[in-house]
Amino acid sequence: MRPPRLRMALRVWQRHARVFLKLWRHALPGPLIDPLLFLLALGFGLGSYVGDVQGGSYPEFLAPALCACAAMWAASFETTYVLFWRMHEGRVHDNVLTTPVEVEDIVLGELLWAGTRACLHGTSFLLVIAALGYVDSRFALLLPPFLFLGGLTFAGVGMAFTMFVRTMDSLAAFFTLVLNPMFLFGGVFYPTEMLPGWAQPIAWLAPTQHLVGIARALTSGAHVETIASDAVWLTVSTMLLAVVPLLVLRRRLVL
Amino acid sequence: MVIARSVCKAYNGRPIVDDLEFAVRPGESLGLLGPNGAGKSTTLKMTCGLTSIDRGSIAVFGDDVARMPRAVRARIGVVPQEENLDCDLTTRENLLVQARYHGLDRFAARARADELLASAHLGARGDEPPAQLSGGMRRRLLVARALVASPSLILLDEPTNGLDPQARQTVWSMLERLRARGVALLLTTHYMEEAARLCDRVLVMDRGRAIEQGAPSELLARHEQADLDGLFLHLTGAALDA
């Protein structure tokens with residue numbers, strides 16, 4: 001294993017960005033509708049039965065968390081279905097590897113691109129909730145880089161899974177067994193302190209509650225100092241997760 | 001230019017390439033000739049560092065491929081057997097992106113892409129996705145893509161496999177123009193006509209071993225055969241398509 005080189009990784013990133021710029025009109029609105037549906041159905045619908053949560057209305061509690069979820073979904077989709085397609089169907093990487101770009105550069109490029117998509121989707125939804133009046137603090141302007149960071153972490157989770165998957169059908173298991181639990185138990189709909197004591201450490205191990213915590217703090221302006229520990233958590237876990245594709249991708253692409 | 005010494009490769013204990021030695025001299029065209037499963041493609045993959053070498057070594061431009069794969073790949077072009085053009089990009093963008101992988105800056109990449117499109121006779125098709133090109137055009141695009149870094153050596157894995165005779169001619173004439181410019185070719189083929197037309201020398205492979213090598217005409221004379229098909233049958237006791 002050689003260390004990845006940023007310059008080479010950026011060329012992989014540029015290829016994806018080029019494709020995205022051609023398709024963004026189709027690629028961006030869809031993923032924004034998902035969190036909006038949750039905000040409408042649960043924030044406003046269910047929210048009318050729920051009292052204040054952490055000192056604000058339920059939609060105020062839910063909206064920034066869905067911003068984090070938009071980033072989570074984007075990075076996860078990019079590093080599962082899209083990455084699997086690039087590896088095995090589109091054979092994009094097979095060609096890249098005949099150039100001076102190496103497997104390690106591809107790993108970094110894919111992570112950075114997934115982080116970028118996460119940041120784009122999360123920030124787009126941030127604009128939506130700002131327009132709806134759910135952003136109370138100028139600290140929210142600092143959120144996009146953290147959406148990128150959280151996106152990297154989710155990309156690490158997705159990539160680690162995709163490395164061991166042989167068929168595209170098996171990727172559905174990722175969404176059922178990994179992503180949905182992180183979404184439902186990661187502090188999006190209720191504070192993780194509501195979980196039973198034994199479940200709280202498990203929730204802590206998922207990136208969701210950390211990115212959700214950052215999104216809540218920065219959009220509300222409350223407890224902003226707590227983002228430091230969450231950001232450290234996301235950074236460290238991204239670095240640990242990235243080791244998996246760095247070790248495995250070569251074997252999956254090169255025989 | 002390429003020197004392979006006692007190269008061995010096995011998959012799951014089954015030898016694919018067995019004690020293979022060959023050399024490609026500057027400007028020369030060497031054809032690896034043999035039936036499916038002879039180890040030709042594996043040899044090409046080892047030459048560009050895509051597959052590890054179990055024993056022996058391959059040096060390209062004096063650099064050991066196993067130790068310096070990046071340096072080697074920066075200076076060669078690879079045309080794969082399976083078409084792996086980027087179907088999310090246009091024909092021109094396929095070349096642009098490849099040029100960026102090779103480190104050309106934006107302007108140089110654009111100029112190079114246009115130049116290559118013209119030389120592959122695809123100038124009018126630059127804005128179409130590869131899926132809209134004919135089989136022969138896509139193959140020419142694959143060759144053009146391998147040329148972005150102006151390599152002096154190109155590896156080609158079955159460059160005209162599956163093409164109709166007319167499309168095959170257009171790919172051959174493109175490769176002949178490269179040879180005329182002094183670009184060395186290392187190609188695999190199981191078409192005798194292709195070997196006779198494009199190769200200065202052929203290396204006949206069977207079950208991972210080199211069983212004969214030399215200029216096509218020289219081999220025919222040595223074994224008293226009328227054509228390379230007959231020669232192959234004579235050497236291996238098996239037909240090429242077997």
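## Basis of the values

Residues are numbered from 1 along each chain as its sequence is written, while chains are lettered from A and ligands numbered from 1 in the order in which they are written. In this predicted model local features need pLDDT of at least 70, side-chain atom pairs count only at pLDDT 80 or more, and totals for chains, interfaces and linings use all residues; side-chain values use heavy atoms, with hydrogens and water left out.

Helices (H or I, at least four residues) and strands (E, at least two) are DSSP runs, numbered from the N terminus.

## Six-stranded sheet of chain B

An open sheet of six strands in chain B has the order β6-β7-β8-β3-β9-β10, with mixed pairing; two strands pair if DSSP finds at least two bridges between them. Its edge strands are β6 and β10 (209-214) of chain B, each pairing on one side only. From one strand to the next, the twist averages 15°.

β6(B) and strand β7 (residues 153-157) of chain B pair in the parallel sense, over four bridges. V79(B) has L156(B) in β7(B) as its bridge partner. Helix α9 (residues 228-236) of chain B packs on this sheet and touches β3 (29-33), β9 (201-206) and β10 of chain B, where contact means heavy atoms within 4.5 Å. The direction of this helix makes about 40° with that of β9(B); axes are lines fitted to C-alpha atoms, for helices over the stretch in contact, and angles run from 0 to 180 degrees between N-to-C directions.

## Four-stranded sheet of chain B

Another open sheet of chain B has four strands in the order β2-β1-β4-β5, and its pairing is antiparallel. β2 (14-24) and β5 (63-64) of chain B each have a single partner strand, so one side of each is left without a neighbour in the sheet.

Strand β1 (residues 2-11) of chain B pairs with β2(B) in the antiparallel sense over seven bridges. I3(B) stands opposite A23(B) in β2(B). Helix α1 (residues 40-47) of chain B lies across β1, β2 and β4 (55-60) of chain B, at about 60° to β2(B).

## Salt bridges

Over all chains the structure holds 31 salt bridges, each a side-chain nitrogen of Lys or Arg within 4 Å of a carboxyl oxygen of Asp or Glu. R117(A) and E78(A) form one at 3.4 Å, N to O. This pair links distant parts of the chain, 39 residues apart: R117(A) is in helix α5 (residues 103-131) and E78(A) in helix α3 (residues 58-89) of chain A. Both R117(A) and E78(A) are buried (under 20% relative accessible area, with exposed over 50% and partly exposed in between; 1.4 Å probe, protein chains only).

The salt bridge of R70(B) with D105(A) spans 3.8 Å, N to O. R70(B) lies in helix α2 (residues 69-74) of chain B and D105(A) in helix α5 of chain A, so the pair joins two chains. R70(B) and D105(A) are both buried.

## E194(B)

E194(B) lies in helix α7 (residues 192-198) of chain B. E194(B) is buried yet has no salt bridge, and the nearest side chain of opposite charge is R168(B), 5.0 Å away; Lys and Arg count as positive and Asp and Glu as negative, while His and the chain ends are not counted.

The side chain of E194(B) makes a polar contact with that of W172(B) at 2.7 Å. A polar contact is a pair of N or O atoms within 3.5 Å; within protein, one must be able to donate a hydrogen and the other to accept it, and residues adjacent in sequence count only if both atoms are side-chain atoms.
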